[in-house]
Structures are given as C-alpha cells and as structure tokens.
Amino acid sequence: MLDTLFITFATFALLFALGAVLSPNAINAALCFLLCLVSVAGLFVLLEAYLLAVLLVLVYAGAVVALFLFIIMLLDLKEVSAWKLRGVSALASVAGAGLLVAGVLAVATRGQLDSLPLAAMPALGADLKAYAHALFTTYLLPVQLMGFLLLIAMLGVIVLSKKFTADAAGVAAGDGSAAQANLGAAASTLEEARK
Amino acid sequence: MIEFWTSLSPLLQGVIKGLAVIAVIFPLAGAGSMAERKVSAWIQGRPGPNRAAIPWLVKIPVIGRVLQRLGLFQLLADGLKFFFKEDPVPGHVNKFYFFLAPAVALIPALTTVVAVPFGAWLDGDAVVPIGLANVDLGLLAVFAVSSLGVYALILAGWASNSKYPFLGGVRASAQFISYELSMTLSVLPVFLWVNEPGLRGSLSLARVVEFQSQPGFWGGTWFLFTMPVCALVFLVALFAETNRQPFDMPESEADLVGGFHTEYGAFKWAIFFVAEYAHMIVGSGIFTLLFLGGWNPLPWVSLADFAALIGIAGSPLLVGVVSIAIFLLKVLFLIFFFMWVRWTVPRFRYDQVMVLGWQKLLPLSIANLFIYLIAIALLQPRL
Amino acid sequence: MATLPVERRPLTLAERSYLPQIARGLKTTLKHIFSPNVTMEYPEVQPEIPAGYRGVPTLVTDPHGREKCVSCQLCEFVCPPKAIRITPGAVPEGSGREHIEKAPEEFKIDMLRCIYCGLCQEVCPEEAIFLQNQFSLNGLTREEMVHDKKRLYELGGSLPDRHFKWDKKKAAAEHGNAH
C-alpha cells in the first residue's frame, strides 16, 4: 500500500515537474508546478511529516503559485518561445544541476540516512513543538540568514522597480496604488527568490 | 454497529465517510442558497420564493403549507433545473480548464470539512470530539486545503477567455493572498493562549474548544470576549476569503457582469455556488470553534455541565446529538449573519479592498499579535 | 454667486473603521426582517384599481341593456395602432330604434395591437366604449386575443347613463321638433 502510494506520488511529482519546465504555456507550467507541489506534499504525508506537507500546501501551493498565476495573468503571457541555452545561463544550469546531483549523491552514498535515528526524523516534521524548537535552536542561524536574503531581495526589487526621481520620490506611491505596488513587490520578491 | 463499522476495510470506510460528507454538505449548501433568497426577501420586505409546490406533498395539512411558504420546494425545483438545463460551453473557452474549474472549486470545499470537529460526546467524564479526523494540525490543515479553493476562481476566469471573467480571476487571486495573511495572524493569539508552556503543542480545533470549556471564569470564557480584535480580523478576513459581500470582488455583478462565472451556466455554475456555500459553512464552523466555544451551549456553561443539568449525561448518543445541534445552531446563526451583512453593506471598491487588507487589517493583526504576545507572557504564569 | 466654504470635519477613528455604521445598518435591516412585507400576494389578493384606470377596452350597454354604439367609426379612425375594425350595419326593423339608423354588425378589437391609450373612449360621442378595470388578459391563440362584439359586451356590461340621448331624440321627433 505505502509503496504503491509512494510510487504514484513520486511519478506524479516527476511528471509534473517535467511539465512545469517544458510546457510552453505559462499557465500550464504554473499549474503543473502546483500539482508537483501537491504530489510532494503527498510524499511528505507518507513520511509522516504532516507539518511539512501542510506548510508546503499552505505556503507554496496556496499562496505562491496563486501569485505566479496572478502575475502571469496580469502580464497576459501567451506562449513562450523555447529559449536556447547559451553563454552564462548554460554554464549556470550545468553548474546548478551538477551541484544538485552531487548533493544527493553525497547524502545517499555516505550512508547518512541510515545513521540517523529513525524515531527523531518524523518528529521534526510532524510535531509542531519539535519543529518550532528546532527552528529556534539548531537551525536559528540558517533561518535568520534566509530571512535576511529575502529582505535583501525585497529591497532590491523595490529599488529596481520604483523610479526614484529627485522631486517625485515622495509622491511616487499614491494612496490607492500603494497596496497594488506592495503586492507587486511581494510577487516579484517571490519570483526573485525562486530564481 | 461499531464492530461492523471497524470490520469494514479502511478504503470502504473512507468512501462511506466521503459520501456522508457530500450527502450533508450538498443539501446544506443548497439550503444555504434558499436561505439567502429568503433572508434577502425578508430584509427587503418581500415574502421570497413561496409558490413552488409538489402537488401531493403540499396537501399535508399545515406542514405542507409551511414548507411551501418557506420555499423548500423551490429549492428542489432549482436543483432539478440545474441538472436538466442545457449546459452551454462557449466556443472561445479553453475546454479543459473550463471543465476543470468547477471540480477544483468543489474539492477544497468538501475536503476541509474533514478536519472540522462538529460535536462531542461524553466518555465517562472525558469529552470526546466528533469529527471525521481529529488532525493534530487541525486549523493549519484547513487553511492549507481551503487555500487551494482560489484556483477554481483563477482557472474559471482564465479559461473563460473573455474580459470580465478574466478580471474576476485576477481580483480573486490578489484578494485571496491579501487576506490570507491577516487571517492566519489573527488566530495566532488563540493558539498561543491555548498552548501553555509545558504542554505538547497542538493546532487541533477540538483542543481550542476544550480550552473554552474549563471551569472558572477565565476557563469558561469564549475567546470572542477575551480576544475581540482577533475575532473581528478573522471574521473580516473570512468574509474576504469566502468572497462574500462586501468583498465579493471576483463576482461583483455590478461591474463584472458575473465575474469569474460569467461564461458558466447550469450545473457547472451550480457547483460554484455549492462550493461558495460550503466554504461559508466550513468558515462559520471554524469561527464557532475558535471564538464561540464550539459545542458549549453558553459562555461559562460547558457541554458536560449542560448535559448533567438536563440529565442526559448518562447517554453518550443523546449528548452527541445535543452537542451537534448546539454547534449547528451557532453555525447557522453565523451563516445568517453572513447573509444579513450581505444585504446590509454595499460592496467595496477594489482599491478599498486592497487598502483595507494591506494597510488596515494586516498592521492591526500584527499589532494585535504583539499585544497578546506580551499579555500572554505576563498573564499566563499567574493564571 | 457667493461661495460658502463648507467645513469638512475629519472622520473620527470609529467612522473610518466603518464598524459603527455597519452595526447601525445591521440594526436597520434587522428591523426590516420583522416588519410586515409590502408585497401584495397577487392572485389571492387583488389590487385596488384607482378611478380613471385604463384597462381593457370594452363596449357597454345603457341601463336598459340597449346597444349604445352607433358604428360611427370614430374610434376606428382615431385608434393609433389600428386595433379596431368595425363592420357597420343597419338597426333591425321593428326594434323601435330605427331612428338611430346604424349599429355595428361586427366590432373587433385586436388586443395584440391595442396600446391601452384610451383615445377610443375619449373620442366616442355615444359613451359606448370604455377602458375599464380589467387588467389581466391572456389567451392561447392569436384568434382568441381578437375580441369580437359578443366578448366586448361581455367584458363591458352596462354602465349608468345620464342622457338617454336617442330616447330624447325620438320623443322630440314624435312631438314634431326633430331638430
């Protein structure tokens, strides 16, 4: 039963991930991404990491992909022409893929997965208290660093997207459009974060 | 009975539970739409739908007449109409997503019910909540699944491939994200208060009700009284999340014809409607559990006390029925409140919705959270 | 024109929060829920027809049940949508009303064309055609919606008459004072 479910979810996750990358239609890609996230959440549930599953659905499937769709619809993106690998982007993608493979191999081959106490693993992902405790003790530094990274990205987006001129800086954001700008900034932050 | 139930295979149990949910939520949602028409009629000084009748049923003295005046047969007529009406599919739509959207609307609406406990029975002295699944992550799970509901509106708006539905879909996505933040932040104080230090942390909704049924003045107080700002922010965000007036931007028939469902008709349109009312029912249920003491009949009167008072503490089944009735009464009142507000308050402008969400509610809920953080840190050790 | 600058008092916090206003609105609507309905339950309760109401056009008889229409065809000419069609005929011999000379052999009003303007009633010199209280009119065929003379008199009934114009004329003629 568990194996069947695992294979189902894993297959779905892979298929939809491929779909997200390869689909020329932006909406299709975003929805494939959404389904991929839901499948991964299913995998988390199988691992008894309920909290992670719920958070994944809540934050990514619920909010982030909705934002993607919002941006796609706002920009009215039609079919995206297939992009070619060249120069820096090719180098970056090869390097990124290489790092990912290396990372997975490193964890898998050194037998670290086996050496971890089995009882401790689900507790971190399932129990709210254990999870929160770990966030504020063991993983405090990474959490703070990630927070700073997002903050920097957000500031960067605000600086890039707002045209600051000497006299109009104060009136740049009217009362009504402020919220919209806010939203747009948040959306682009998330996009930035994904990149 | 119980033995027979447990002897069934888990898969069959799941299917039966699922069917039970559908069998309860669908008629409730339909009744919601009828109640909406009746409430709107009463508020506007009209009798509302009161003509439709089934010939031999209406002959029953008194009851038949009352049912007819309440418009119950109209509900049946509407349901049948939605089933048998021609289902138009405009030529310019993206067929796949056009058909997918109503299904997507229904899934979260029906799934969230799973994590909402709706009653309790007494096992000796212990109060055991009744629900399809008492998930430890209760509220978070509900939020997670219900947050998927917005895709129905976005997909419907996008797949319709015409102007007004598209605007409705865009509005839906923006509004949903804007209010989700305040909604989540507004319930945090409740759980901070419930999860005292030293206990195993839990986001279970049943635990919140349990907390509100403790003896003593502070124990029995509903969170509505101790955390009015949380309740207010949550309620406003709930209105926005369920796309109810004054926040029904995605539909907004005055400026967007019908919003996201402009191109929909017949049964697919009815499914959107059922999903909206199901969301309302689940939302009201969660508000009841969090702030109105769940199945406790009155503030400072817990279910156990009440059962002892009217002398039914001995029979678990009766207590269960009474508790479900109390819970449903509160939920129905909240649904009435939703409608009452709808026929009172005019719709906000879109920019007002955004300003209210980002510039008013979000700072308010953050400030509220901080105040309660300090208050709970100071107060809780002493209580 | 002098301009008066109006002092606009800034909104208070309570007003800007909308909440007191919403609460007051809710109070108002709650009051309406419990106040009696203004709807008239139509088929059971019939509306009160005001005087001078222009309902379905009908032909009326005088209090003695005698036909008033003399088929002068003024209504036919004045009718804007041309809904009236009159076939004039002679008054039958021996009825004692031969001096009227003409009576409608057939009188048809096409109710699918009629616009209820009341000009026929306005123009009738004999006070024979009236737009009365009847407002609910329906039929299953087009033919049914063309009222013939019989139906028009059925709908019209008889109305009081103050003049008895043709009786006076007859009496005058008998006394040798025809004009």
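**Reading burial and a binding site**

Mentor: In this predicted model, C75(C) counts as buried, because its relative accessibility is 8% and buried means under 20% relative accessible area.

Trainee: In which element of chain C is C75(C) found, and with which residues is C75(C) in contact beyond its neighbours within four places in sequence?

Mentor: C75(C) is found in helix α3, residues 74-78 of chain C. Once the neighbours within four places in sequence are left aside, C75(C) is in contact with I84(C), I86(C), F107(C), C120(C) and V123(C).

Trainee: Which residues does UniProt place under the feature "binding site"?

Mentor: The unreviewed UniProt entry places that feature at C69(C), C72(C), C75(C) and C124(C). These residues span 56 residues in sequence, yet no two of their C-alpha atoms are more than 10.6 Å apart, so they gather at one spot.

Trainee: Where is C124(C) found, and is C124(C) buried or exposed?

Mentor: C124(C) is found in the loop between α4 (119-123) and β4 (129-131) of chain C, and with a relative accessible area of 17% C124(C) is buried.

Trainee: Turning to chain B, how many helices and strands does chain B have, and how should I read its radius of gyration?

Mentor: Chain B has 17 helices and 2 strands. Its radius of gyration is 22 Å, close to the 21 Å that the globule rule gives for 383 residues, so chain B is as compact as a globular protein of that length. Buried residues make up 54% of the 383 residues in chain B, and of the contacts in chain B between residues at least 6 apart in sequence, 75% join residues at least 24 apart.

Definitions and conventions. Residues numbered from 1 in each chain as written. Chains lettered and ligands numbered in written order. Predicted model: local features only at pLDDT ≥ 70, side-chain atom pairs only at ≥ 80, totals over all residues. Heavy atoms only, no water. Rg over C-alpha atoms; globule rule 2.2 N^0.38 Å. Buried < 20%, exposed > 50% of the residue type's maximum accessible area, 1.4 Å probe, protein only. Contact = heavy atoms within 4.5 Å. UniProt positions renumbered as here; feature names shortened; annotations may be inferred.
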